[in-house]
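Please read the following briefing alongside the sequence and the coordinates. It is arranged by topic, from the overall fold to individual contacts.

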Amino acid sequence: MNRYRKSIVSTKIFVEWNDNPKMELLMNDMPNELAELWDEWLSDIENEENAKNEKTHKEVNNGSRNTI
């Protein structure tokens, strides 16, 4: 495992009600089926981010990254 691997450690869901433009933290329990999909989606995001970071890390180590 790459020691530079990023992991999402927390998330918050905010909502904006139609009668008040202020964002509020949603405190309701998430249904299990949705929680499973949410976790899969977050895993996909982690994988995409880590793949991007690994590519950048390799480019920097190989000296092929362009600098401005």
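The notes below begin with the basis of the model and then turn to its elements, surface and contacts.

This is a predicted model, in which local features need pLDDT of at least 70 and side-chain atom pairs count only at pLDDT 80 or more, while totals for chains, interfaces and linings use all residues. Residues are numbered from 1 along each chain as its sequence is written, and side-chain values use heavy atoms, with hydrogens and water left out. The protein chain holds 1 helix and 2 strands, where helices (H or I, at least four residues) and strands (E, at least two) are DSSP runs numbered from the N terminus. Along the sequence these elements follow the pattern β-β-α. Of the 68 residues in the protein chain, 4% are buried; buried means under 20% relative accessible area, exposed means over 50%, and partly exposed lies in between, with a 1.4 Å probe and protein chains only.

**The strand pair**

- Strand S1 (residues 14-17) runs antiparallel to S2 and is joined to S2 by 4 bridges, two strands being paired if DSSP finds at least two bridges between them.
- S1 and S2 form a hairpin, with 2 residues between them.
- Within this pairing, Phe14 stands opposite Leu25 in S2, and Glu16 stands opposite Met23 in S2.
- Leu25 belongs to strand S2 (residues 20-25) and counts as partly exposed because its relative accessibility is 39%.

**Surface patches**

- Phe14, Met23, Leu25 and Met27 make a nonpolar surface patch of about 430 Å², an area of the kind that comes from the Shrake-Rupley method with a 1.4 Å probe, for which, in the case of residues, only the protein chains shown count as cover.
- Patches are made of residues with over 30% relative accessible area and no salt bridge, with like charges joined within 9 Å and nonpolar side chains (Val, Leu, Ile, Met, Phe, Trp, Tyr) joined within 5 Å.
- A negative surface patch is formed by Glu33, Glu36, Asp39, Glu40, Asp44 and Glu48.
- For such charges, Lys and Arg count as positive and Asp and Glu as negative, whereas His and the chain ends are not counted; the place of a charge is taken as NZ of Lys, CZ of Arg, CG of Asp or CD of Glu.
- Asp39, one of the residues of the negative patch, lies in helix H1 (residues 32-62) and is partly exposed, since its relative accessible area is 47%.

**Salt bridges**

- A search of the whole structure finds 2 salt bridges, each defined as a side-chain nitrogen of Lys or Arg within 4 Å of a carboxyl oxygen of Asp or Glu.
- Glu49 forms a salt bridge with Lys6, in which the closest N and O atoms are 3.3 Å apart; this pair links distant parts of the chain, as Glu49 is in helix H1 and Lys6 is in the segment before S1, 43 residues apart.
- Glu49 also meets Lys52 in a salt bridge through their side chains, at 3.1 Å from N to O, and both of these residues lie in helix H1, 3 residues apart, or about one turn of the helix.
- Glu49 counts as partly exposed because its relative accessible area is 24%, Lys6 is partly exposed because its value is 43%, and Lys52 is partly exposed because its relative accessibility is 47%.

**Segments brought together in space**

- Ala51, placed in helix H1, is 46 residues from Arg5 in sequence, while their C-alpha atoms are 9.1 Å apart in space.
- Ala51 counts as partly exposed because its relative accessibility is 44%.
- Thr11, in the segment before S1, and Leu42 are 31 residues apart in sequence and 9.3 Å apart in space, C-alpha to C-alpha.
- Thr11 counts as partly exposed because its relative accessibility is 40%.
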